[in-house]
Amino acid sequence: MGTRMTMGSRGLAIVLGIAASLTAFCDALPSTQPSHWSFLPICRPGLPQQASTSEWVRSPIDAFVLDRLQREGLAPSPEATRTVWLRRVSLDLTGLPPSPQEVELFEKDASPNAYDRVVDRLLASPRYGERWAQHWLDVVRYADTHGFEVNTERPNAWPYRDYVIKAFNQHTPYDRFVLEQVAGDALRADPATGFLVTASVLLPGQIGADEPSKRLARQDSLDEIVVNISQTFLGLTAGCARCHDHKFDPISQRDYYQFQALVAGVEYEERDLHTPEIIEARRQIENHRRDLAGIENELVGLAPFARPDSTQPPHRPAVQARLNVERINPVKARKVRLTVRQTNNLEPCVDELEVFDTTGRNVALSASGASVSASGETVSADRHELRFLNDGRYGNSSSWMSSEKGKGWVVVEFPEDVTISRILWGRDRLGEFTDRLATNYVVEVAATGGDWKPVADSSDRSGAVSNVGNLGVAPDGLSQEEAAQVKALLDRKAELEEKIKSLVPGQRAFAGKFRAPDKIHFLVRGDPELPKDLVVPATLKLAGGQDLDVSLPDPERRMALARWIVSTNNPLTARVMANRIWQKHFGAGLSDTPSDFGLNGAKPSHPELLDWLASELMHSGWSIQRLHRLIVLSATYRQSATFDSSAAAKDAEARWLWRYPARRLEAEAIRDSMLWVSGRLDTSMHGPGFDLFDKRGGLTGFKPVEVFSGAGLRRMIYAHKVRREREAVFGAFDCPDGGLSADKRRESYTPLQALNLFNSRFTLDQALALSERVEKGEGDDLKSRLGRVWSLALNRDITPEELTDALPVAQKHGLVAVCRSLLNTSEFISIP
C-alpha cells in the first residue's frame, strides 16, 4: 500500500489563511447579485477543521466528504483492494479494463506514488480522450444526421467529434476549450465550432417556401444554439425564456433575444477547414505543383515534333485526356483552329486551348486580347461555355463543349500575327474526366490573309487513347540524350504526383458558416411574425453580463460571448464543469441536475465541496486533468462499494458518499470492453465513422449491421451516429440517440438488455475471439484457460466455486460458452 499522506498543521494553517482572505474578498462584493447559490460569486471555502485532521483524509476533497458524513452520523467504508481500484479507475478514465499485466505490475509496485503513476499513465493514454469525449458529446447532442423528419446524413460532422477527442488528449485547458467551441474560427481551431450546430435542423428543402416558414425555421435554429450554449456551459435553461420571461430563473424574454443576437450570424452549414495541418498540407501541395509545372514545361519542350498526314509509323504518345502537346516548327500565325473529327463518346469537350510563342508566352489567353469562335456550344449549368476555352482556368467546369456529337471546331484568333511553336489542349487538365475526348483531330494555322495550313493531327500518335490523365512523353523520335532526359523527368514527375496524392489538401466540416448577424427583434410570444423593437447583443445579466455594440460583426460577438463565459467573474461556468467531472467519476453530480443550476435545479449535496472544486478548476489554469487526479486519488474515491444496511437506511443512494457508488458501464464502454478483452479492438483513431446500419441517414427502415470487421471494430465513439435510431444491441443500455442533450445517462435494467447481450451475433463473435485468444496462449490445460479468461475479463483469479461451475460447461460446450456467459455478467459490465 502507498504511504498515507495527511495535511500537517502548517499546511492546514496556510489553507485556512487563504480561505479567510477569500472570504473577506467575497464579503466586500456588491450585494446586488441574485441570492441563489449558483449565481453567487465562487469563493474558495475553508476546509472543515475537525475533519481535516483525520488520518483518513488524503486530499481536501476528503475533508468535505468526511465532515458531511460525521454530521449525518455515518462513517467511510473500508478502502477498496488495489485490483478493484485499478479496474475502477481504468474504466473510469479510459472506458477499458486494465490488462492482466497492468494488474500484476500495480500489485507488485510498493512505491509511495504507485497510484499516482497509474493515473498519469491513464491520462496520457489516447483512450482517455475517446472516453471523456463521449461524455461531452452526450451533453452537446452530437450525431451524424440532421434529425427531424427526413434525418438525412450529415457527412462531415465527424471533424468536431475528432476535435473533442484531441482536446481531451492534449489536455486543453477548459477555458480554451470553451473559447474554441464558440469562436474557434478566430483561434485556428476550425472544427471546434461544430459545437454551435450539433443540434437537429431543418434543411432548406424541408422548410416551406413562404417567408413566414423561413423566419420560423431560422428562429428555431438560433434557439437551438442558445439552448446548447446555455445548458452546456452555464447550466441554465435559457430557452425557456423564448416566449415569455423565465418562470423560475432571473432571465427575461428580452435577455433571451439579446443573448440570441450574439450568435445571429451562425448558419447550419459546412465550410472548408483551415487547421494548421491542412494549411501545411496545402503549402506542400502548392510547392509540389509548382515543381510539377516546371517539369511539365521541360517535357513539353522535349516533345517530339508533330508530323501531320504522316505516312511514317506513329512516333508520338497516344491522345491523352489530361494534356496533349503539339510541338511544331516555328510558324507565323494570326489564327489557330482545332477541328475534332471523332471522339471516344458524345460531344467533344476541351477545357483549355493554349498557344505559345517562341518566348514561351501563352498568346491565346483572353487576357492577352485573343478571341474565340466555334462551330457551336452546349451550355450546361454554367459550364461548357465557349468563353472558358481561353480563360486560363482548367477543369470540366471551365471548358467548351461542342453542340454536335463526335465533332466540332474551335478557333482562337490573336490581335496580330505572332510566331508560335507549341499548341496545348486537353479534355480535363485536372485529370477527373476522360469522356468526350477528341481521338481524331487536326490542328491548323493561318496567317493574316492566308489559307489554313495543317501543322499537327492525330495520325502520328500511337496506340489506344490514354485516359490516365498524366503528361507522358514516349522516347520515340528523340535522340538518346533527349530520351534519357525525358525518363529522368518522368520519374521525378511520378514521385511528385505520389506526394501530392498522399497529402490531404482540404476537408470540409459541418462547423457552421458565419456571416453578418441577423437583426434580432423582441418577438411577442416568441412569434417571428410579431416583432417589436430591435435588441442589442448582450450576455446574461444574472452572471454579470453587459450590452454590446449592435454594430459588432459576428466574430467579435461570439468572441465576447466566449470570454464572458470563461471569465472568473462568471459564477456558473466553473461550477457546472466541476460538477460534470464529479458526476462522471461517481455516477451522480454533487448537484443532480447537471444542466440546470437555476432555481428549479437540485441543490448540491456538498455545496462547499462544489465551490472548492470550481475554485480549484479556475486557479489550476482550468485543468480538467488536475480535477481528475484530485478525485481518483482521494480516499473518497478509493472506498470500497461494500453495502451497509444501517448506512443505507440513512442514505440509500450513497449521496453523502459513505461508500463508492458502483454502477453499470455505458453502452459504448460495454461494447469497447468486449472487443478489448477479446483482442479484436481496432485502436485506429479519427476520421469518418463506421456503419451501424445499412444506410447512413433517412427516416425509417434501418437494418442493423450484425457482423463487424475492419473499421467496425473500432471504439463505438467512431460509429456513424444516426439521430433517433438506437443501435440494435447496445441501444438497449440507455444509449442516447442524439435527439436531446443527455447530461446524465439513465441506468435502466430490463430483460431486453440481457437477451440482446446474450444472443447477439456481436457477443457470439467476441466470445469466440476471446476463447481463441486464450486457447492460443494457455496450452491444453482447461483449468489454466479458465483462469486466463477470468484474468482478462474480470481482472481477478477464478474462485474454487466458479471453477467447479465453469469446468463442466467448458468440457461439454467448449470454452466459448463460458466466455459468452462471462461477457454477460454484471461484474463485467460494471464499474466496481
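Author: A helix here is a DSSP run of H or I with at least four residues, numbered from the N terminus. The model is predicted.

Reader: Why is α16 called largely enclosed?

Author: Buried means under 20% relative accessible area. Ten of the 13 residues of α16 are buried, so the rest of the structure largely encloses this helix. Among the buried residues are Leu-609, Trp-612, Glu-616 and Met-618. The buried residues of α16 pack against α3 (60–71), α15 (573–586) and α17 (624–632).

Reader: Why is Met-674 called buried?

Author: The relative accessible area of Met-674 is 0%, and the cut-off is under 20%, so Met-674 is buried. Met-674 is found in helix α19, residues 667–678.

Reader: What is in contact with Met-674, leaving aside its neighbours within four places in sequence?

Author: Contact means heavy atoms within 4.5 Å. On that basis the partners of Met-674, with those neighbours left aside, include Phe-730, Phe-762, Gln-766 and Leu-823. Leu-823 lies 149 residues from Met-674 along the chain, yet their C-alpha atoms are separated by 7.0 Å.

Reader: Which residues have the most contacts inside the largest nonpolar core?

Author: They are Trp-85, Trp-136, Ile-229 and Phe-233, in a core of 165 residues. Trp-85, its neighbours within four places in sequence left aside, is in contact with residues including Phe-106, Tyr-115, Val-632 and Tyr-637.

Reader: How many cavities of 30 Å³ or more does a search of the whole structure find?

Author: The search finds six. The largest cavity holds about 250 Å³ of space. Of the 22 residues that line the largest cavity, the closest to its centre are Gln-134, Glu-668, Lys-721, Cys-735 and Pro-736.

Reader: Which helix gives the most to the lining of the largest cavity, and what classes of residue make up that lining?

Author: Helix α7, residues 126–140, gives the most, with three residues. By class, the lining has eleven nonpolar, three polar and eight charged residues.

Definitions and conventions:
Residues are numbered from 1 along each chain as its sequence is written. This is a predicted model: local features need pLDDT of at least 70, side-chain atom pairs count only at pLDDT 80 or more; totals for chains, interfaces and linings use all residues. Side-chain values use heavy atoms; hydrogens and water are left out. Buried means under 20% relative accessible area, exposed over 50%, partly exposed in between (1.4 Å probe, protein chains only). Helices (H or I, at least four residues) and strands (E, at least two) are DSSP runs, numbered from the N terminus. A nonpolar core is a set of buried Ala, Val, Leu, Ile, Met, Phe, Trp, Tyr and Cys residues joined through side-chain atoms within 4.5 Å. On a 1 Å grid over the protein atoms alone, a cavity is a set of points where a 1.4 Å probe fits but cannot get out, and a pocket is an open set with protein on both sides within 12 Å along at least five of seven lines; lining residues have an atom within 4 Å of a point. Grid points are joined across faces, edges and corners, and a volume is the space filled by probe spheres set on the points. Ala, Val, Leu, Ile, Met, Phe, Trp, Tyr, Cys and Pro count as nonpolar, Asp, Glu, Lys and Arg as charged, and the others, Gly among them, as polar.
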